[in-house]
Amino acid sequence: MSAVYKKEFKSYFNSMLGYVYVAFIILFIGIYFSYYNLRSGYPYFGQVLSSISFIFLIAIPVLTMRSLAEERKTKTDQILLTSPISITKIIMGKYLAMVSVFAIPIIVSCLCPIIISFLGNAYFLVDYSCILAFFLMGCAYIAIGMFISSITESQVLAAVGTFGILLILYLMSAISTFLPSTAFASLIGFYVVVIIIALIFYALSRNSFIGIGITVVGIIAFTIAYIVKSSMF
């Protein structure tokens, strides 16, 4: 696993992708940090992270789009699959490499609460808890992007698919206000969401088994949950 990790991590910085990615996130953190904490005197760094959460919509697809899609396109995935390393170790090596790249600007952002303490009151427990939550959310999104990359040979489709799913998650609180309030209507709404997700995966992978599988499993799961405890809906 360490060999895969080192190879993948170095590949991001053998090109401009890694440097541009890190600079992109640090740039937005710096802009919002300057405005909220330095210019306006707001003492909580968590506000900065909350405000820049939209950058995941761009940063994560760019980071994950080539992780497995490129391997499938160049047919090098066959070499990986026949290597003595297990698939789990291959996936974890690639995943941890992307997490490490993502962690670089997060580590840099850890300096911001210290800078705030020099200028006034700082709430380290709150700020570093927010930084940890921001990092973990990014790790979850990287996993989503890596999965999308694994079901298509096109880096563009992988990026677009990841962007679409992250956009839905980003707008979920607003979307939820339009959902019906009755339990049965909500169940129908979840059916529709499952079908849409299945269609997205089918469009990316051209694998009808995946699309049908997601639809069947999703509908059965929501139906059972509705029968067992409809108040959840």
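Guide: Let's start with E8, which is in contact with R66, E71, K94 and A97, leaving aside its neighbours within four places in sequence; contact here means heavy atoms within 4.5 Å. E8 belongs to helix α1, residues 2-14. Helices (H or I, at least four residues) and strands (E, at least two) are DSSP runs, numbered from the N terminus. E8 counts as buried, at 6% relative accessibility. The cut-offs are these: buried is under 20% relative accessible area, exposed is over 50%, and partly exposed lies in between, with a 1.4 Å probe and protein chains only.

A word on the background: this is a predicted model, where local features need pLDDT of at least 70 and side-chain atom pairs count only at pLDDT 80 or more, while totals for chains, interfaces and linings use all residues. Residues are numbered from 1 along each chain as its sequence is written, and side-chain values use heavy atoms, with hydrogens and water left out.

Now to a pair of helices. Helix α7 spans residues 87-109 and packs with helix α4, residues 56-64, at an angle of about 140°, their axes 10 Å apart. That angle makes α4 oblique to α7, because angles under 35 degrees count as roughly parallel, over 145 as roughly antiparallel, 65 to 115 as roughly perpendicular and the rest as oblique. Axes are lines fitted to C-alpha atoms, for helices over the stretch in contact, and angles run from 0 to 180 degrees between N-to-C directions. Where do the two helices meet? On the α4 side are F56, L63 and T64, and on the α7 side M98, V101 and F102. By class, this contact has 5 nonpolar residues, 1 polar and no charged ones. Ala, Val, Leu, Ile, Met, Phe, Trp, Tyr, Cys and Pro count as nonpolar, Asp, Glu, Lys and Arg as charged, and the others, Gly among them, as polar.

Next, the cysteines. The whole structure has 0 disulfides, a disulfide being a pair of cysteine sulfur atoms within 2.5 Å. For C112, the nearest cysteine sulfur is that of C110, 8.6 Å away. C112 is buried, with a relative accessible area of 8%. The sulfur of C139 is 13 Å from the closest cysteine sulfur, in C110, which is too far for a bond. C139 is buried as well, at 11%.

Last, look at S186 in helix α12, residues 183-205. S186 is buried, with a relative accessible area of 10%.
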